[in-house]
Amino acid sequence: MGNLGELHQLVVSLAGWKMVFNIEPIVMSWIVIAALLAFGIFAVRKRDLIPRRIQIIGELIVGQIYQLTEDAMDKEKADKFAPLVVALFLFLAVSNWLGIIPFLEEPTKDLNTPLALGIMGFVLAHYVGITSKGLKAYLSEYFEPFFIMMPLNIIGELAKIVSISFRLFGNIMGGSIIILVVSHLTFSVVLPPFLNAFFGLFVGTIQAFVFTMLTIVYISVQTN
């Protein structure tokens with residue numbers, strides 16, 4: 001936490017172009033993916049009529065998010081998009097919790113992670129809009145209610161990426177800054193561990209839920 005803002009980067013030159021990779025969020029993201037894969041394997045292994053605790057947790061998470069997706073869309077669309085929504089929520093939640101563990105950091109604290117997920121949701125929503133409405137009907141919506149509103153409608157759609165990404169990034173990075181400042185003021189006793197748990201578990205879960213719900217809403221709007 002004391003090295004907040006310090007970046008370790010890998011620079012790769014390819015055909016005259018330089019590609020820069022931030023090492024920490026990449027490594028932390030793979031740790032999250034590995035943890036989720038392990039959770040999924042143990043949750044579905046030896047499924048019984050009387051489920052084990054890990055199976056109950058898995059079924060509860062999937063069932064609740066599936067229900068939220070079905071509430072925002074119809075059942076047919078929920079069957080199609082719920083797996084993605086569940087994966088998105090779990091990835092964000094575990095990513096935001098990762099900072100609680102010593103020597104690990106939240107990959108969502110790097111703007112590239114929430115921005116990439118925001119762009120993914122944006123592209124998916126508009127792809128669904130084109131396939132469900134047809135290209136002509138999809139494009140015509142940008143000229144409503146008047147032709148001159150087209151630039152504002154486009155800006156409004158692009159602003160959704162900024163809004164959803166910076167909200168998540170700002171809350172996670174803001175929590176890290178608060179913990180760092182308080183740690184220096186109180187010599188890392190009592191309050192910092194409590195704040196770390198608060199921002200990691202409570203705020204992290206809330207922000208993962210908000211990001212996921214906004215993604216559902218964006219997709220739902222494009223399918224209607």
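A: Helices (H or I, at least four residues) and strands (E, at least two) are DSSP runs numbered from the N terminus. The model is predicted, so local features need pLDDT of at least 70 and side-chain atom pairs pLDDT 80 or more, while totals for chains, interfaces and linings use all residues. Residues are numbered from 1 along each chain as its sequence is written, and side-chain values use heavy atoms, without hydrogens and water.

Thr-108 sits in the loop between α3 and α4. Its relative accessible area is 0%, which makes Thr-108 buried (under 20%; exposed is over 50%, partly exposed in between, with a 1.4 Å probe and protein chains only). The side chain of Thr-108 makes a polar contact of 2.6 Å with that of Asn-96. Such a contact is a pair of N or O atoms within 3.5 Å; within protein, one must be able to donate a hydrogen and the other to accept it, and residues adjacent in sequence count only if both atoms are side-chain atoms.

Helix α3 covers residues 75-97. Its 23 residues reach 31 Å from first C-alpha to last, close to the 33 Å expected (1.5 Å times one less than the number of residues).

Next come the cavities. The structure holds 3 of 30 Å³ or more. On a 1 Å grid over the protein atoms alone, a cavity is a set of points where a 1.4 Å probe fits but cannot get out; lining residues have an atom within 4 Å of a point.

The largest cavity has a volume of about 110 Å³ (the space filled by probe spheres set on the points). Of its 14 lining residues, Gly-121, Phe-122, Ala-125, Lys-160 and Tyr-218 lie nearest the centre. Helices α4 (112-133), α6 (150-186) and α7 (191-223) each supply at least two residues of this lining, and α4 gives the most, 6. By class, the lining of the largest cavity has 7 nonpolar, 5 polar and 2 charged residues (Ala, Val, Leu, Ile, Met, Phe, Trp, Tyr, Cys and Pro are nonpolar; Asp, Glu, Lys and Arg charged; the others, Gly among them, polar).

The second largest cavity has a volume of about 70 Å³. It is lined by 11 residues, with Glu-106, Ile-172, Ser-176, Phe-199 and Gly-200 nearest its centre. The elements giving two or more residues to this lining are α6 and α7, and α6 gives the most, 5.

Definitions and conventions
1 Å grid on protein atoms, 1.4 Å probe; cavity = no way out; pocket = protein on both sides within 12 Å on 5 of 7 lines; lining within 4 Å.
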